[in-house]
Structure formats: structure tokens, C-alpha cells
Amino acid sequence: MEMIDEYGLCTLIIPSFFGLILLYINIRRKISKASNVALIKEHEPFDVSLDDGKTDVIIVGAGVAGSALACTLAKDGRRVHVIERDLSEPDRIVGELLQPGGYLKLLDLGLEDCVKDIDAQRIVGQAIYKEEGKHTVVSYPLQKFHADVFARCFHNGRFVQKMREKAATLPNIRLEQGTVTSLIEEKGIVKGVNYKTKDGRQLNAYAPLTIVCDGCFSNLRRYLSNSKVDTTCSIVGLILKDCQLQYTNHAALIMSGSSPMTIYPISSSEIRCMVLIPPPQKLPSIANGEMFNFLKTVVAPQVPPELKDAFLRAAADKGKIRTMQIRNMAVDCRTTPGSLLIGDASNMRHPVTGGGMTVALSDILVLRDLLRPLRDFNDPNAMCKHLQRFYILRKPLASTINTLAGVLFQVVCPSLDPTRKEIREACYSYLTLGGIFSNGVSAIFGGLNPSPLSLAFHFFAMGLYATARLLLQFPSPMGAWRVAKFLYVAFGMIFPIIKAEGIRQMFFPATLLAYYRAPVVAQLIDLLN
């Protein structure tokens, strides 16, 4: 048999290559014609009129996530119906710290004006207090960002109202007060919602896509999620007046004592103090005076001296003390056609890092980019497959912030276990090293570099640092045993959180098929399978 020369080989390969390209183009054209999900064309603008009564998206809840999502989708030309249980200004003791990474997301969404004119306070770092008067200051690495990028603290209700006001100015948003009682589901597809209006009428609303973001106390979560909600601790919220923090433009984290605290300004004249009451401690009663006695005798001694008088005055005012149970929930949502679950309704973490709004705004950016190329949402099954990407694409950032919050909560919680005390001491000492160590952790904390690999790097670096400290102090078999126990307990703190978030989804999202799913590509994959 004669050998094929180079010319003959080219005559075989080149026609085959172009043949495959033509086959791919032909298949793609056929799929595009068959698909009910068409791409947006620049010369075909959306009809944003709501006069015909049609709605593209129903959003349940008008908190931070719901209001921001409504504005974002409306800017893309979607007709949005927002149903919120109570449109009066919320009064919450969480959601008051927007990290610099969250502000960057707010800029991407074009909603940065919502933090103006609400007396928001500038925060550039954290002061961390330990026992025996020890403390250190860790600043956000903001050097490479615009001067306007920093964390902001404010009254949550003022921020939410600004976003609602912005939503109300957009002509294709209908903002209505009402209580959604259930989802309308037909043959496994969500068609809309049943809701009760402010004046007591029972109505139905229909749309091809219903997005539920009605907060941590969601009454619709059970329809769309398999997630288990855990109560991790309770918090007591007070507002201190007529006082100043030791470090201007810094929040404070107090790790000493039996009840850790986070302290930050929420206006030019008010400072929020949140006291964590970890299990097995029970929440003292406000009515019978147990709370005041607890705050005066247990918590006040660990309050910085410049705040102590204001703290005792706030503790004596029973009517102003707020309490709340903190819930934790990893995402385990069912992909029900015609619906989506986002915000605290689908994912919660401990508020000690103030990362909740960063996660919510990041989720909205991911969702915006997924929905933007779709002409309409009228094929629920194709939409469902397409939106499977949402839960994959959000994972790296959300899981990093969730994991850090869960681990930090365990670190600051008091414990009689000597190993946990060593972990707390190692974390504090690691942050005092400065440079890449403190800046790296602060970048993750502030949402500026919420990378799982960066989190893993600092976890192992902290482990090595702690190992060196222990071995230098106790260069003996007993020292080696303490190192082994330290690593075992530290790994036991972080691994369950990562496992709940999903190791593959967090670190290797590109290995999941849904990561690549798109309106046309998804159908091509289904056809080839």
C-alpha cells in the first residue's frame, strides 16, 4: 500500500474540517428555529408598556435583593411586578454593613446613588479587640480602587427605601403591597402567585417567571428548596448615642469575654452594638430585667471604655433593645420550571462578616447576565435548564463569603477547649503579621477577593503559622500532639461548611455540565445525547 503524501493528507483533512463546521452551523440553525427562547436583537427593542397587563417577571419581596433585582431587570426592558408584604420603612438590626466588594457590585448594577443622602458612614477597616486590652487594626486593601470605594454602614431601612423609590420611578415596574400566600403551579410549572392585597382582596398574578426573595423568614421556601435551616445563635442589638469609636471610620470586633460583639456607626450620631449570644446560652428576657442585668454584669466589662457609659444607657432602655435569632442555610434549591429562589430565602450565613448584601448583589449580577440574552421567558423547561447555571456560577463568591463567616463565628465564640483558644490566638496573631497575610484575609472579608483558592491559601498558611508557633514553644512529643490536635479541630471547623456548600461547586464549577448551559447550547447538548 502506498503511503499518503502531505498533499494527499491535506486534501482529506481540509474538506473534513469544513464539513464539520457546516454540519455544526446547520444543527445550530435548526435548534435556534425550534427554540422558543430567542436572542435579543438590537433593532428589536422590548415593549416596556404595562398597559396590556402582561408581566415578564413577578418578584416576591422588595428588600435589598428584591428591589435591586427589580431595578436591574426593568433597565433591561422587562415588565416587572413586585409584591411586598409591607412597604413602610423596615427596622432591622442586620443588613447595615455594605462591604467594599458589595459597593462594587452596586456600581455594576448602576444603583450607587441608593447609598447617598441616607447618612451612610465611611468604613475603611476593622479594629479587633482581644483579652487584656490587646487590639490590632486591619484595613481593607483599597489602594488600587477609586477613592469612592469603601465599606458603608447605615440604617438598613433607609437603604431599602431608597431602592424602592428608585424602582417606583421606572415605568415598567409595578410595586404593590400585598402578602403572597402561595405559588400557582400547574403540571409542575409555576405560573404565578396567589396574594392578599393591603385592602384584603385575594388576587392572582401570572408571569412566565416568578422569583422569590422574601427574606430569611420566607413562607415560600418550602415550595422551592430542600435546604435545612439551622439556628446558630441569638443577637442583641442596641444603638449607642453621644459617643465615638476609638478608631474613626473603622468597625470593631470584640473577641474577648463570653459574648463577642460587633460595633459600627450607622449614622453620624448613632453606633450599632450587636452582642452575640452563642449556644448553649439562652436569650435573657427583656421584660423581667434579665437582659439589663446580663448586659450590665457580663457584657459591659468587655466594652471599650469610650463606649461604656453610652452602652449602659442603651441597655437600660428596654423599649429600644432588639433581639433576633441568626439562621444559617446552604443552598439546596429545587429547579422548578417557572421559578427561582434567591437572597436570604435561599442562602443565609452568619452576619459577623457583614457579607450578606455582597452575596445578594453578586447573585443579581449573575442572574442579570443569564437573563439578558433571552428574548422572552415563555418556554419554562428551557428556562429551567438555562437557570441551572445560576446556582453554579454564584457558588465561588457566595461559598467563600459563607465559609469565612461560618469559621469566623466559631473562632470568636468563647470556648473552654484549650485547642479552640489556641485557634483564636493563632488567627489574631496571623492578622497582626500585616502585608499579604492581613491584607489577603481583609480582601476576602470585604468581598474584594472572594476567591475559594485565596481562602484555602490563607487557611493553610494560618495552619503552618500556628504549627510553627506551637513547635517553637513546645519542641517535644507533647508539642507535636498539640499541633496534630490543633489541625484536627481547625479542619473540623471549616470542612463541614465547605461540604455543605459543595466542594465541587465551590472549587471546580467548570467541571459541571450546567456551567456551560445556554439557551441554544443546552439544546444542542440534549440533541447530541
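Asp 242 lies in the loop between strand 12 (230–241) and strand 13 (250–254); helices (H or I, at least four residues) and strands (E, at least two) are DSSP runs, numbered from the N terminus. The model is predicted, so local features need pLDDT of at least 70 and side-chain atom pairs count only at pLDDT 80 or more, while totals for chains, interfaces and linings use all residues. Residues are numbered from 1 along each chain as its sequence is written, and side-chain values use heavy atoms, with hydrogens and water left out.

Asp 119 sits in the loop between helix 3 (100–108) and strand 4 (121–123). Neither residue in the table is a glycine. Buried means under 20% relative accessible area, exposed over 50%, and partly exposed in between (1.4 Å probe, protein chains only).

| Residue | Phi | Relative accessible area | Class |
|---|---|---|---|
| Asp 119 | about 60° | 30% | partly exposed |
| Asp 242 | about 55° | 73% | exposed |

Most residues other than glycine have a negative phi, and most peptide bonds are trans. A cis peptide bond, with omega of about 5°, joins Pro 279 and Pro 280. Pro 280 belongs to the loop between strand 15 (270–277) and helix 6 (290–299).

Helix 13 contributes the most to the lining of the second largest pocket, with eight residues. This lining comprises 26 nonpolar residues, six polar and no charged. Here Ala, Val, Leu, Ile, Met, Phe, Trp, Tyr, Cys and Pro count as nonpolar, Asp, Glu, Lys and Arg as charged, and the others, Gly among them, as polar. A pocket is an open set of points on a 1 Å grid over the protein atoms alone, where a 1.4 Å probe fits, with protein on both sides within 12 Å along at least five of seven lines; lining residues have an atom within 4 Å of a point.
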